[in-house]
Amino acid sequence: MLPTLQRLKTAFTLRKENLEMFEAVGFLAIKLGVIPSDFSYAGLKDKKAITYQAMVVRKVTPERLKNIEKEIEKKRMNVFNIHSVEDSLRLGQLKGNHFDIVIRNLKNQINDSANLKERILEAIENVKSKGFVNYYGPQRFGMGRKVHTDQIGLALLKSEMVKAVKLFLTPEDLDNPVNRAKKYFLQTEDAKGTLSLMPELKVRERALLESLHRFGVTEEGCIQAWFSLPHSMRIFYVHAYSSKIWNEAVSYRLATYGSRVVEGDLVCLDEDVDDEHFPNSKVHLVTEEEESANSYAIHQVVLPVLGYNIQYPKNKVGQWYQEILSRDGLQTYRFKVPTLKLNVPGCYRQILKHPHNLSYQLMEEQNTDVKTEGSHIHEAALSLLISFDLDASCYATICLREIMKHDF
């Protein structure tokens, strides 16, 4: 008996290059005649990379997916390992990621007279042995200069629906069709006119605008507009806010107490944790006696990622969290947005992480011609090929920043 269209599920591996995750899903949805929420995946991949990830799409046969292979190649995407499956994927199922990265034209920091190769070796060995602070990476917050995803998330948590929509549609200081369309919307609130200006491939923006055209730019209309985006996208913005606060919390924790484990810290009692989703029963509040006895190490310390089902440290860090919630007007909110069907229980995140299976190779490559007083000479440039695995929700950009002492 043939499966019904609703039950059809096709798994595949998506390869994409320099393409935002939501834009890739939106483009695939258009080509397959489905909606973005018909796709499921276990995690979000960076835009500025060549990435591979497992995905599942509903209501599409393997044959139908194979038929669009040539069309999507123009968009720097490929699909392979295509086959039928029984179940969808969900965010959080990811166990980890593997990275192969080449860093070219390596140079010493200014005023650093050490041998470059020795300095690189020292930096890598340092991260292998001591780990790195487990910050959420910059891609979690978007690359926009005017509005970051965490600001949208805060507005959603406070049920400020119109504000959240306007933040989403705030233009950057760049003259291109997308920003011209956004600027027009903020000036006029004319969703229909903005739709005619918005490029076809900006799937999220167009879905929001179509809904605003239908329901109006009111609180209720904006609630409907947010429902035009898949649940994974709506929750993404709220998670971005929680992530930003976590980054600030870990900086405060390390500045206040350093690498000592102190009374009131939270530690994870499970040595084999490789993601953030462990229960409250695994989290222990450090006592005064345990601090005196040095019972725990810094790599066991966790901090809460905001939500309704977490406990806070019982020291200066816990007080800091309460001050931040008060600052952002969230002290009476429960991290539930019933109007958007968003529930954010929260979780715990280790403040330090280590890369696994780290290997590297230094290579000398011939650089492009370097001009010196009219003549051309060839200069050998040093490159680093580095490979490593990271647990789920860890960021390669943060690991590399620790190695290179340089922001990206």
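Modeller: Let's start at N179, which touches P171, E172 and L174 (contact means heavy atoms within 4.5 Å), leaving aside residues up to four places away in sequence. This is a predicted model, where local features need pLDDT of at least 70 and side-chain atom pairs pLDDT 80 or more, while totals for chains, interfaces and linings use all residues. Residues are numbered from 1 along each chain as its sequence is written, and side-chain values use heavy atoms, without hydrogens and water.

N179 sits in helix α7, residues 177-188 (helices are DSSP runs of H or I with at least four residues, strands runs of E with at least two, numbered from the N terminus). Its relative accessibility is 8%, so N179 counts as buried (under 20% relative accessible area; exposed is over 50% and partly exposed in between, with a 1.4 Å probe and protein chains only).

Helix α1, residues 21-32, is mostly covered too, with 10 of its 12 residues buried. Among them are M21, F22, E23 and L32. Just after α1, G33 has a positive phi of about 70°.

Further out is the largest nonpolar core, with 121 residues (buried Ala, Val, Leu, Ile, Met, Phe, Trp, Tyr and Cys joined through side-chain atoms within 4.5 Å). F12, F39, W226, Y321, I386 and F388 touch the most other members. Helix α11, residues 231-257, gives this core its largest share, 12 residues. As for I386, its contacts beyond four places in sequence include F99, I124, Y360 and L400.

Helix α11 also lies across β9 and β12, at about 145° to β9 (axes are lines fitted to C-alpha atoms, for helices over the stretch in contact, with angles from 0 to 180 degrees between N-to-C directions). Both strands belong to an open, antiparallel sheet of four, ordered β8-β7-β9-β12. β8 (283-285) and β12 (347-350) are at the edges with a single partner each, so one side of each has no neighbour in the sheet. Neighbouring strands here are turned by 50° against each other on average, direction ignored. Within the sheet, two bridges join β7 (266-268) to β9 (301-305) (pairing takes at least two DSSP bridges), and L266 has V302 as its bridge partner in β9.
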